[in-house]
Amino acid sequence: MSEDQERIRDAVQRYAAVHDDVQAASDGFVAMVTALLDDAGINYVSVTGRAKSVSSFAGKAARTGPDGAPLYANPFEEITDKVGVRVVTYLRDDVTAVADLLSDQLSVLDDRDLGLETAREGRFGYASRHLLVAIDRIKGAPAQYDSLKGYSASVQVRTILQHAWAEFEHDIRYKGTIPEEHVSDLDRRFTLAAGLLELADREFSEIRHRLQATMGGGGHALPADDSDPRISAADLTTFLAGQFTDAGWSRTDHYAWISGLLLELGITSLDELAGLLQSIDAPAINARMGYRYPAGAVRRLDDALLAVFGTRYLGLHGNAHREASLRARLEKLRA
């Protein structure tokens, strides 16, 4: 056995021995990234994760360069995607919002926009934002994520259309050997599909921008459900789009959730909510929170309610699971 083969074997054995710990770290990063997105009110489709399989690690560790030399002198340390997290969003603006949030809350060791790199080469193809993140030594993280210290995670952020293209392309190319006479035509078709999906992404973004520009100007409220005293999620979405015109949409279920908090506060109509928000200094709240990412509409309302009601807001039943994080935010608002 050569020295290179022995080094690869040792790295694979070392990785196999800690694979269960890596899987636990992967689950932890998924939970943390999900919590960060939810807290920021950023819209997303899904957050998933995986620990790199031992066989996949072995295959990557054995890779060589054009000159035949191993790509990794120390595979266990140099292969950084042992923990993988994927965030799928609806629109490209949300990809940027997620990346900005992770940069603000975590230590970013690497950041590559592969879609931008492809575009600069004048091509269409794989598009995804790849960040390598870790717990920031200075900022730290909540106690439940202490076990993640010492780990890094490779986070892929892409739109749902980019995700569909990447998954289909990967699935097709790994089904088996493609006959040589079909390779060029297959590449051309994948390129064409990538261009069409990029156009669709742009159109979806424009649709949202147009809707946001027209929402909140009155509009038509949906029929009220007399059996439910809460402000409907749909009406709240429209109202907040007009109230916080520079904020992105939040997840649909988050509008329903914060409507429940409004009910706990005794606010059951948009007129009551509008009167309340007229009494706050929104720019001052923004300045104190120091958003370094596009906070979603629900997060903006959340901070406004926290500023108005203070400790009463902390004590709401619907906030029991996040009292500690709200208390930290309240301290920033009162600073």
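## Helices α1 and α4

In this predicted model, helix α1 (residues 3-40) and helix α4 (residues 92-105) have axes that come within 11 Å and cross at roughly 110 degrees, where axes are lines fitted to C-alpha atoms, for helices over the stretch in contact, and angles run from 0 to 180 degrees between N-to-C directions. Helices here are DSSP runs of H or I with at least four residues, numbered from the N terminus. The two are therefore roughly perpendicular to each other, a label given to angles of 65 to 115 degrees, while angles under 35 count as roughly parallel, over 145 as roughly antiparallel and the rest as oblique.

V33, L36, L37 and A40 of α1 meet V98, L101, L102 and Q105 of α4, contact meaning heavy atoms within 4.5 Å. By class, this contact has seven nonpolar, one polar and no charged residues (Ala, Val, Leu, Ile, Met, Phe, Trp, Tyr, Cys and Pro count as nonpolar, Asp, Glu, Lys and Arg as charged, and the others, Gly among them, as polar).

Helix α9 (residues 252-264) packs with helix α12 (residues 297-309) at an angle of about 15 degrees, their axes being 10 Å apart, which makes α9 roughly parallel to α12. Their contact is made by H254, Y255, W257, I258 and L262 of α9 together with A297, V298, L301, D302 and L305 of α12, and by class it has eight nonpolar, one polar and one charged residues.

For helix α8 (residues 233-243) and helix α10 (residues 270-278), the axes come within 11 Å and cross at roughly 25 degrees, so α8 and α10 are likewise roughly parallel to each other. D235, L236, F239 and Q243 in α8 meet L270, L273, A274 and L277 in α10, a contact with six nonpolar, one polar and one charged residues by class.

## Confidence and conventions

The chain has a mean pLDDT of 89, with 94% of its residues at 70 or more; pLDDT is the predictor's confidence in each residue, from 0 to 100. Over residues 217-222 pLDDT stays under 50, and the model has three contacts beyond four places in sequence for this stretch. Where pLDDT is low, the predicted coordinates should not be read in detail.

Residues are numbered from 1 along each chain as its sequence is written, and side-chain values use heavy atoms, with hydrogens and water left out. Local features need pLDDT of at least 70 and side-chain atom pairs count only at pLDDT 80 or more, whereas totals for chains, interfaces and linings use all residues.
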